[in-house]
Amino acid sequence: MDILSIREDFVSGKVDLVSFYDDVIKKIDDKKDLNIFLDFSKEKVMERVNFLNEKLKNGEKLGSLFGISVSVKDNILVKGYKNTCGSKILENFSPIFNATIIDRLLEEDAVILGKVNMDEFAMGGSGETSYFGATKNPLDESLIPGGSSSGSASSVSADLAMISLGSDTGGSVRNPASFCACVGYKPTYGMISRYGVVSMASSLDQVGILSNDVKSILPIINVIGGFDEMDAVTMRDAVNFKEDSEFSLNGIKIATVSNLEQYELDEVVLNDYKKAIENLKNQGAIIEEVDFKYIKHSTNVYNVVMSSEVSSNMSRFDGIRYGYRTENYESTRELFTNTRSEGFGEEVKRRIAMGTFYLASSNNQALYKKGLEVRDLISKEVNEVLSSYDFILTPTTTCLPRKIGDEKDNALSAYAGDTFNVPVNFAGLPAISVPLNLKKIGGSVQFIGKRFDDEKLLNLAMNFERGL
């Protein structure tokens, strides 16, 4: 059931709002072993619910998201909740204001459930790098949920939250959506304000939305999307996407990836991808294979570009202004060095070190500059294909979720599976991951659209979803 139908049940009294959230709170408590929520308060949730219930009883005007529950990745600021980014260095940090997108949700009467776990500072693809422990996959607790928006995907997949907000820098919404078999949408760069969202790699970061169905994304993007004077890269329009009842897959041209053997796809992922292609053909879509020359290099290039921006963005955590401060120092240099050594986890320190190396003046930033050149090649290639096709279809991830702890000492595992996700961030394009079997471990497909063609992308995904 989509969230607007749920809202109508609340408004009509078919479903009692207070009783519903009593059950949600019990379910969150029952599933606490999944390690999804980092900051959750029954009292805060019920205070909000009782406030909304009084509005309903008094016949006041109700917001478009009345009663809809939203979990929030712990790098998006919510006043009254901690914002740890999954890191020791921000373990006790509480913001004094909301991110723009949180204010917009609250204005439309949504219910913020709490803050959910994530890979530390969004660095990781497994949900294991959090200082507060790994998040578990609700579909199989022995498996990773993906990352970095691990708690976001798990909270939706476990039916704890109707909607979750995550961040996507190189697939961090789509990857866990695929592993947890829910829907993950990354909008066009600039579609959603990032004011109040902790930066990782600013030229790639984007807020994303996770849900159990595509249709539920429309009312959320309509509320949180659009221009924000506090974020200079946001688009200059309000967002008002609609479901197109006349949309048809018949005649839609979709490019698929040729020579799939070079991408080392898991057999289940490959077979599910082929089934999706046949499904689209049966619905009238025109499917043609295209040879992408540069996509196979995407994760290597991502490592260079992302790490360089990480090195810059993480310099603010110095033990002086806010956050964790070491007790072991005798000079400013020791304060800075020891705070960061003790406060950051291994993956974060690794990426800072790599980025600092890539940006070093001693080698004239040669690797970083080359990374930018190849990023541009990948972006141009994807956009050139989209000039001849309506959409691109790829597997969301190249692999299925692995066992928690299996790749603990493998530094490269943080980038595993995201070969087809990263080009979307490079080019600032919209994309959506749709599971082929909801709430079941298996393959998901990713649809990629033209820049600012998000409404058409969502309508395509809705039609595909109905045909599964």
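Glu264 counts as exposed, at 70% relative accessibility; here exposed means over 50% relative accessible area, buried under 20%, and partly exposed in between, with a 1.4 Å probe and protein chains only. The model is predicted, so local features need pLDDT of at least 70 and side-chain atom pairs count only at pLDDT 80 or more, whereas totals for chains, interfaces and linings use all residues. Residues are numbered from 1 along each chain as its sequence is written, and side-chain values use heavy atoms, leaving out hydrogens and water.

Glu264 also has a positive phi of about 50 degrees, although it is not a glycine. Its place is in the loop between β7 (253-257) and α8 (267-282), where helices (H or I, at least four residues) and strands (E, at least two) are DSSP runs numbered from the N terminus. Asp109, likewise not a glycine, has a positive phi of about 70 degrees, but Asp109 is buried at 2% relative accessibility. Most residues other than glycine have a negative phi, and most peptide bonds are trans. The bond from Gly147 to Ser148 is cis, with omega near 10 degrees.

Leaving aside neighbours within four places in sequence, Phe447 is in contact (heavy atoms within 4.5 Å) with residues including Ile254, Leu280, Ile432 and Phe464.

Rings of Phe, Tyr and Trp (its six-membered ring) pair if their centres lie within 6.5 Å; planes under 30 degrees apart count as stacked, over 60 as edge-to-face and the rest as tilted. The count comes to 13 aromatic pairs. One of them, Phe121 with Phe344, is edge-to-face, at 6.0 Å centre to centre and 80 degrees between the planes. Phe121 lies in the loop between β3 (111-116) and α5 (150-157) and Phe344 in the loop between α10 (332-343) and α11 (346-358), so the pair ties together parts that are 223 residues apart in sequence. Phe121 is buried, with a relative accessible area of 3%, and Phe344 is buried at 5%. Ring pairs also link Phe93, Phe121, Phe317, Tyr322 and Phe344 into a cluster.
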